[in-house]
Amino acid sequence: MSPVKKEKAEMSAFERKRLENIAANQAILKDLSTSAEKIIPKPVSKPKSTTTRKKATPVKREEPRPTRTSSRIAGLEADSETAKRKAEVDYEFAKEQAKAKKQRVSGDLNFNDIVVEGKKWNKDDNFLSGIMRGAQPNVRTFTEDDIQETTDEGLKALREKMSGLQLYEGYEPNQIKITPERIYSLGFHPSPEKPLIFAGDKMGNMGIFDASQTGPEVKAEDNGDDEEEPDTPEPAITALKLHSRTITSFVFPADGNHLYSGSYDSSVRKFDLQKGLAVEVFAPASLDEDLPISSIAIPSTDPNLLYFSTLEGSFGRHDMRTPSNTEIWQLTDKKIGGFSLHPLHPHLVATASLDRMLKIWDLRSIKGKGDARVPDLMGEHESRLSVSHASWSAGGHVATASYDDTIKIHSFPSAGSFKIGHDLDSDAMEPTSIIKHNNQTGRWVTILKPQWQERPEDGIQKFVIGNMNRFVDVFSSDGEQLAQLSGEGITAVPAVAQFHPTRDWVAGGTASGKLCLWM
């Protein structure tokens with residue numbers, strides 16, 4: 001019996017579908033391989049000659065697609081017409097939204113309309129004026145119109161008087177190079193007859209200029225040649241090397257026979273104007289000890305006491321009769337930029353420091369033990385940025401300049417009645433006047449500091465401060481601007497400004513060592 005030949009079993013639908021899928025996948029892989037060979041460039045050797053690269057063909061970016069959402073959660077059937085229509089609407093909306101974001105905006109843009117949203121960004125309208133606070137040379141912020149529009153007759157007369165000060169005519173400011181380097185401090189000799197100005201510079205030089213001298217008239221025939229320009233006369237200026245580092249401040253005793261100077265070289269010197277001798281009256285015991293002095297003062301009640309502040313945040317009192325009798329108190333961890341004693345009540349001290357604080361101290365009461373001993377702190381006021389200087393007036397006003405671009409005036413008219421332990425609360429320390437003033441001196445201009453007239457002949461308390469637009473500003477104790485002193489030939493900022501103790505004479509010193517003088 002011959003074997004029965006089995007018929008081939010019929011292929012199931014599942015197997016047939018599996019084979020079709022395999023064939024389809026292989027076709028896809030083959031197609032991808034062919035496309036890859038076309039797209040991937042073959043490595044080529046670097047050509048020897050340099051050729052200009054062809055600009056790459058820009059790649060067309062795909063249209064933005066809407067964020068996927070769940071139709072099931074939205075209650076829509078996946079293949080329904082409603083779902084399809086919703087997807088089309090979302091797609092068109094996303095496309096238009098993306099196009100709007102990249103669309104160039106034409107026309108004018110207002111600050112309030114374009115400020116970026118978010119809590120980290122400042123939206124204040126004054127923000128731009130705050131950062132764009134650079135100097136504008138010779139652009140006035142106080143003009144003749146301000147004087148003429150003054151309704152108060154007394155204030156108008158005072159403004160006319162102070163604005164009437166004239167720039168010294170003997171020599172142009174560019175000719176009066178009183179110091180070799182940048183001026184850091186100025187002082188007027190107290191004599192009311194002769195304007196004698198002292199200037200201290202960055203390298204410890206002290207320049208002396210007598211403004212009673214007049215420029216000699218030089219005629220062309222004196223040179224022996226009518227066609228040649230006459231020689232330009234130079235002013236008589238004396239320069240002395242008193243210190244090895246920056247001279248930060250000057251003090252004149254009432255008799256005017258001596259001059260005290262403080263310096264970053266950690267010393268204070270007493271210069272005899274008759275003998276021409278400079279004696280060191282204070283310095284640390286060791287030459288290795290660095291105690292840079294930022295400011296000095298001598299009370300009118302005791303010419304033997306010397307007070308000084310340092311860049312290390314300390315404040316000292318030294319009895320010049322006994323060299324070993326020195327007390328130094330650590331008032332702050334930050335630099336004290338300047339301080340002053342109340343002219344009539346010198347036990348009251350105002351300090352300004354890098355920690356943004358104005359502080360009022362009472363030297364009659366020293367509290368604490370050991371290194372923690374400090375004068376009694378009566379009150380303090382914090383500014384937004386560091387405070388550069390604090391200056392007492394005889395009328396009980398303290399003027400400060402700070403890097404928040406303000407001059408603040410704090411008033412203590414009853415300071416003479418303060419008892420030991422008197423407390424100045426936050427309300428008492430609030431400024432009575434705040435003046436907007438550009439104090440951004442930068443690296444190459446000396447810090448602006450207000451300086452009061454010590455004993456004004458007219459009895460009106462007023463102070464001067466340099467102006468970054470190459471002027472010197474004069475203000476009253478109530479914050480009213482009295483004048484903006486200027487003149488021909490001022491080519492730099494007279495950052496260091498100083499009043500004569502009694503006369504209405506004002507001096508300004510520049511970073512190039514030049515002197516401006518108004519009388």
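**Close-up views of a predicted model**

**View A. Strand 21 and strand 22 pair in the antiparallel sense over 2 bridges.** Two strands pair if DSSP finds at least two bridges between them. Strands (E, at least two residues) and helices (H or I, at least four residues) are DSSP runs, numbered from the N terminus. The model is predicted: local features need pLDDT of at least 70, side-chain atom pairs count only at pLDDT 80 or more, and totals for chains, interfaces and linings use all residues. Residues are numbered from 1 along each chain as its sequence is written, and side-chain values use heavy atoms, leaving out hydrogens and water. Gln451 stands opposite Val464 in strand 22. The two strands belong to an open sheet of 4 strands, in the order 21-22-23-24, with antiparallel pairing. Its edge strands are strand 21 (451-452) and strand 24, and each pairs on one side only.

**View B. Helix 7 lies across strand 22, strand 23 and strand 24.** The helix runs at about 15° to strand 24. Axes are lines fitted to C-alpha atoms, for helices over the stretch in contact, and angles run from 0 to 180 degrees between N-to-C directions. At the start of helix 7, a side-chain oxygen of Asp152 reaches to within 3.0 Å of the backbone nitrogen of Gly154.

**View C. Which residues of helix 7 (residues 153-163) are buried?** They are Leu155, Lys156, Leu158, Arg159 and Met162. They sit on the same side of helix 7, because they cover an arc of only 165° around the axis. The arc is that of the directions from the helix axis to the C-beta atoms. Buried means under 20% relative accessible area, exposed over 50%, and partly exposed in between (1.4 Å probe, protein chains only). An α-helix has 3.6 residues a turn, so residues three or four places apart point the same way. The buried residues of helix 7 pack against helix 6 (144-148). They also pack against strand 22 (462-467), strand 23 (471-476), strand 24 (481-485) and strand 25 (496-499).

**View D. The largest nonpolar core has 17 residues.** A nonpolar core is a set of buried Ala, Val, Leu, Ile, Met, Phe, Trp, Tyr and Cys residues joined through side-chain atoms within 4.5 Å. Met162, Val464, Val472, Val474, Leu485, Val506 and Trp518 touch the most other members. Helix 7, strand 23, strand 24, strand 25 and strand 27 (515-518) each give two or more residues to this core. Leu485 touches Met162, Leu165, Phe471, Val472, Val474, Val506 and Trp518, not counting residues up to four places away in sequence. Contact here means heavy atoms within 4.5 Å. Apart from this core lies another, of 16 residues, among them Tyr168, Ile183, Ile197 and Leu517. In soluble globular proteins, nonpolar side chains tend to be buried together.

**View E. An open sheet of 3 strands has the order 25-26-27.** The pairing is antiparallel. Strand 25 and strand 27 are the edge strands, and each pairs on one side only. Neighbouring strands of this sheet are turned by 15° against each other on average, direction ignored. Strand 25 and strand 26 (residues 506-509) are joined by 4 bridges. Val496 stands opposite Gly509 in strand 26.

**View F. Strand 5 and strand 6 form a hairpin with 6 residues between them.** The two strands run antiparallel, joined by 4 bridges. The bridge partner of Val251 in strand 6 is Tyr260. Gly256 in the turn has a positive phi of about 75°. Strand 5 (residues 247-251) is mostly covered: 5 of its 5 residues are buried.

**View G. Ser266 and Asp405 are residues other than glycine with a positive phi.** Most residues other than glycine have a negative phi, and most peptide bonds are trans. Phi of Ser266 is near 80°. Ser266 is found in the loop between strand 6 (258-263) and strand 7 (268-272), and counts as buried at 3% relative accessibility. Phi of Asp405 is near 60°. Asp405 lies in the loop between strand 18 (397-402) and strand 19, and counts as buried at 13% relative accessibility.

**View H. Pro413 lies in the loop between strand 19 (406-411) and helix 8 (426-429).** Is Pro413 buried or exposed? Pro413 is exposed, with a relative accessible area of 71%. Pro413 touches Gly395 and Gly396, not counting residues up to four places away in sequence. Pro413 and His397 are 16 residues apart in sequence and 7.2 Å apart in space, C-alpha to C-alpha.

Key
Polar contact = N/O pair within 3.5 Å; in protein donor to acceptor, adjacent residues only side chain to side chain.
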